[in-house]
Amino acid sequence: MLLKRLFDTDDEFDTIPAFVSTLSFEFTPVKVNNPFSVMTPNIKRNLFPDDDDDSGLGMDDDITCTPSLQKSTKRQHEDDDNSRCSKRPKVCTDIKAVVTKVEENDDFIADGSRLHTLPTVTGKHSDLKSITPQTLADVVNGDYDDVISEYKIIDCRYPYEFEGGHVRGAENMYLHETILTLLRQPTKDKQIVIFHCEFSSERGPKMLRFLRSKDRELNKENYPSLNFPEIYLLDGGYKAFFNEQPDLCDPVSYRPMLHSDHSEDLRHFRVKSKSWTAGEKRRYARKAMRF
């Protein structure tokens, strides 16, 4: 349970790096200049969760990858793409200290650097930090501007839902490839990200976990640093927010995913979501076969 809180990821997405899972704190560590430079963990990940009726964004195969001795041209190209992502500077080099802090107080953000800025509630997903519609309204109204530098609201619903009404200032991101663009953007201290979908039941939580998984992968050599260590889920999703805060919605309306006038749109965007994740699954499968 402790390590689950520390990594703040879903087991379907990420596996704890080997050098963390084998730590023992019952001996006096040998001091080295950069302990992470000599550690190369083997990574076993299922990057895509099981399929669901809401979003169609899942995969269910475990992919095991071990580093090859010589990189192919394609792998070098992939590494060049990753180099465009913006890694965070190392926050803490004492992993034991981070574990101790999280053990004593599970309200620390994912890199262990400070406590969560926003008040949280117990939601449907116990591994995620959830906030109420009122708290999100306070963020939009600027009540937290003195303690956060920037906020992003990520709406994971399909475009026709988003166009039918969304939280003021929200960004529509319903594909994994769009979520990855967040990791290529400049990062700031004390920035927060808030995810949601229609009910914050399937699509929103899965995209949140996907971002955290990729963020850990990007910063694996600088653990526990993260580009986005403070992420929240809007409890009840857009439907709950619209019911409580319609004046902060643009336009002031709510279009459900199963709207009778958008059955064709629903099929189109589900197929589009599945086609991208299927392509990713095949790409990682081919990579695993080469190794």
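Which residue forms a salt bridge with Glu230? The partner is Arg114, with the closest N and O atoms 2.6 Å apart. The views below show a predicted model, in which local features need pLDDT of at least 70, side-chain atom pairs count only at pLDDT 80 or more, and totals for chains, interfaces and linings use all residues. Residues are numbered from 1 along each chain as its sequence is written, and side-chain values use heavy atoms, with hydrogens and water left out.

View 1. A salt bridge is a side-chain nitrogen of Lys or Arg within 4 Å of a carboxyl oxygen of Asp or Glu. Helices (H or I, at least four residues) and strands (E, at least two) are DSSP runs, numbered from the N terminus.

**View 2. The salt bridge of Glu171 and Lys152.** The side chains of Glu171 and Lys152 meet at 4.0 Å, N to O. Glu171 belongs to strand E6 and Lys152 to strand E4, so the pair ties together parts that are 19 residues apart in sequence. Glu171 counts as partly exposed, at 27% relative accessibility, whereas Lys152 counts as buried, at 13%.

**View 3. The open sheet of 5 strands.** The strand order is E3-E8-E7-E4-E6, with parallel pairing; two strands pair if DSSP finds at least two bridges between them. E3 and strand E6 (171-172) stand at the edges with a single partner strand each, so one side of each has no neighbour in the sheet. E7 and E8 run parallel and are joined by 3 bridges. In this part of the sheet, Val193 stands opposite Ile231 in E8. Helix H8 (residues 203-218) packs on the sheet and touches E7 and E8, and its direction makes about 175° with that of E8 (axes are lines fitted to C-alpha atoms, for helices over the stretch in contact, and angles run from 0 to 180 degrees between N-to-C directions).

**View 4. Helix H5 and its cover.** In helix H5 (residues 133-140), 7 of the 8 residues are buried, among them Leu136, Asp138 and Val140. The cover over these buried residues includes strand E4 (150-155), strand E7 (191-196) and helix H9 (237-244), where contact means heavy atoms within 4.5 Å. Just after H5, Gly142 takes a positive phi of about 90°.

How values were computed: Buried < 20%, exposed > 50% of the residue type's maximum accessible area, 1.4 Å probe, protein only.
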